[in-house]
Amino acid sequence: MKKDIILAGVGGQGILTIATIIAQTALKAGLNVRQPEVHGMSQRGGAVEAHLRLSSDHIYSDLIAPGTADLIISVEPMEALRHLDSLSPTGIIVSNAKPIININDYPEVEKIIAAIEAIKGSKVIDADKIAADLGNPRSMNIVLLGAAAPFLGFDPSLLEATIASLFERKGQAVVDANLKAFHAII
Amino acid sequence: MKKILLGDEAYAQGVLDAGLSGCYAYPGTPSTEIMEYVQNSKLAAERGIHREWSSNEKTAMEEALGVSYAGKRAIVCMKHVGLNVAGDGFVNSAVTGTNGGLLVTVADDPSMHSSQNEQDSRFYAQFAMIPCIEPSSQQECYDLAKYAFELSEKNEIPVLIRLTTRLSHSRSNIETADAPSAMNDLHAPNNPRRFVLLPAIAKGNVKKLCEKQADFAKLSEESPFNKLIDGKDTSLGIVATGIAYNYVMEAFGGNCPYPILKISQYPLPKKMLSTLLNKCDKIMVVEEGAPFVESQLRGPLEDPRIMGRLTGHLPRTGELNPYLVAKAFDLKVAEPPAIPDLVKMRPPRLCDGCPHVSTYNALKEAIAKFEDPRVFGDIGCYTLGALPPFQAISSCVDMGASVTMAKGAADAGIHPSVAVIGDSTFTHSGMTGILDAVWENANITVMILDNGTTGMTGGQTSIGAGRLETICIGLGVNPDHVKVITPLPQKHAENVETIAAELKYEGLSVIVSRRECIQTLRRKK
């Protein structure tokens, strides 16, 4: 088993929470993990990314080679397309629909979404709206994780225990809210 | 124990488990997480391990050398350019030698993700004539700690640990020991006179250091981190250093037909190298950073058998990746799809509510009244003031250079000449520049942006924050020209007036612009 995943977003959106949940779960499932991420200057409202490599065999490179990623998970639609050069011909994108418009020349959102949906098997979901409708807007990431869960290469239900333990110290209500977000569109 | 750790964290866990007594550092990407991990470690708290930030890399280096003098194990951590700041103590620590193990830990930033240059610290290790270990994986980051401390103590020499961005900032599952080793007891160095670098003593020390070189080379031959891996096809041999080894293995799918020499310990293992060179027709050198090994192998006569970054098989600058490495070997690779034109640049920017925004707005308005003003910047979040919408600074060179470049420009006749520097950068390297300016009453205005933290690296302790005006007055700045403003939109007019008055004043002024970083403030809520 081998999955190469790109996580993308804008600094401050918390793509590393998604990465952490997947990586911790993969470790428990006995897989090897590599997860290079961006720290430092670009975290300040700029484009950020993390690579996540999961494999039952030894993993050599931390970075995913261009044109070979199985999956792009993006919490922002234009950021999903920024990493299109990473995607393999059979790879798919799971992206949030809501744009973060903090630049002057942000393109038309409809065109971006159409470009993502043109890639076979890809999904664009309004994770912000779904999370807000569930009464927990901050769980946008977890809604998106749920949408991506079937494509991770291991049993999606294994993620539940990791989500529960991650939010444990914030109380059972927060755990339940996040599990609900996870199941919103899995 | 199985854990997922960043390379920086794996290294920190490694030194903790190897009996560390003191961690010294100044924050700098990609090295910051080493100290942060030690600060958050339960073991470090239980053992009372030193884990406070230092003013700069030089003070950190010397403090760590003091711990070593006392017989205990210490690490000092910094980013690559920090070693320039620590350079004096670093090079001379090779001459004094060490007592307790001392690991000078430097995280290089090839491709300059968060840096001004991409200098390769292996040159520094060679320059100081000390061993250097360059791990190739997070597991090696952990494993090397005990080995390196022992190497340091046995040979009474500091060891340079070279990390690079993609190792420091990548997580991996690693195996750690179940129980940590004991810490060293306090003990005096044998022959304590060797720490007194009077010429008469230093001469003997330098001679001894030269004599040790043969031992260091032998250690590299026997190192568990260097290995010669046989291959059937000897038409080509590969030298792969540090993390570049992974890219080579990835490119060949873990099954390389050519012999490979993996190098993670220096000085270069000459016997291993000559075995490879004698066996193979040509050699491809793959290294993350400068062509350090490649240029040594090519030599001044540019041996055409040696290929790599200098021959264009790999890019001359920038970090490597599996794609670039596969291309160097003419392997078939997936061609990446094009990124649509729809995608626009999204550069980093100052946060909404950041105090620097108000400071720059006020400074820009105050300075607009002058014909040809110049603002010299420094290293920190406020360097983003160079980008739109502010475009407010003309330079960013090195820690503290705003004050001294502004002074030089004023010496040459530029007016107004303004320095913009953050609180942490000021106490790192700005204070000595102020002393120069005080001595000559230089006609400059220094704006110290005091947000109470070392912001760019994520909010670490800033040693002088909150008392910068006292420090400046102590350094001799005329108290009448030391002003404090609060960078808030509602104070804009008042701030413009204060700045304009000090720009007009012919002499040294300091304006402290003080409001807490919006990121650290949010975290408190």
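**Close-up 1. E302(B), a residue out in the open.** E302(B) counts as exposed because it has 10 C-beta neighbours inside 10 Å (a residue is buried if 20 or more other C-beta atoms lie within 10 Å of its own, exposed if 12 or fewer, and partly exposed in between, with C-beta atoms placed from the backbone). You'll find E302(B) in the loop between α13 (292–298) and β13 (306–307) of chain B. Helices (H or I, at least four residues) and strands (E, at least two) are DSSP runs, numbered from the N terminus. E302(B) isn't a glycine, yet its phi is positive, about 55°. A quick note on what you're looking at: this is a predicted model, where local features need pLDDT of at least 70, side-chain atom pairs count only at pLDDT 80 or more, and totals for chains, interfaces and linings use all residues. Residues are numbered from 1 along each chain as its sequence is written, while chains are lettered from A and ligands numbered from 1 in the order in which they are written.

**Close-up 2. E156(B), a buried loop residue.** E156(B) has a positive phi too, about 50°, although it is not a glycine. Its spot is the loop between α8 (138–155) and β6 (159–164) of chain B. Is E156(B) buried or exposed? E156(B) counts as buried, because it has 20 C-beta neighbours inside 10 Å.

**Close-up 3. Two cis peptide bonds in chain B.** One cis bond links Y266(B) to P267(B), with omega about 10°. P267(B) sits in the loop between β11 (265–266) and α12 (270–279) of chain B. Another cis bond links P388(B) to P389(B), with omega about 5°. For P389(B), look in the loop between β14 (374–376) and α16 (401–412) of chain B.

**Close-up 4. An open sheet in chain B.** Here 6 strands line up as β2-β3-β4-β6-β5-β11, with mixed pairing. Two strands pair if DSSP finds at least two bridges between them. The edges are β2 (22–25) and β11 of chain B, each pairing on one side only. Inside the sheet, β5 (residues 132–133) of chain B and β6(B) pair in the parallel sense over 2 bridges, and I133(B) stands opposite I161(B) in β6(B).

**Close-up 5. Where chain B meets chain A.** In this view, 39 residues of chain B are in contact with 43 residues of chain A (contact means C-beta atoms, placed from the backbone, within 7 Å). Among the chain B elements giving two or more residues to this side are β1 (2–6) and β7 (170–175). Strand β2 (residues 32–36) of chain A runs antiparallel to β7(B), joined by 3 bridges. Within that pairing, P36(A) has S170(B) as its bridge partner.

Key. Contact = placed C-beta atoms within 7 Å.
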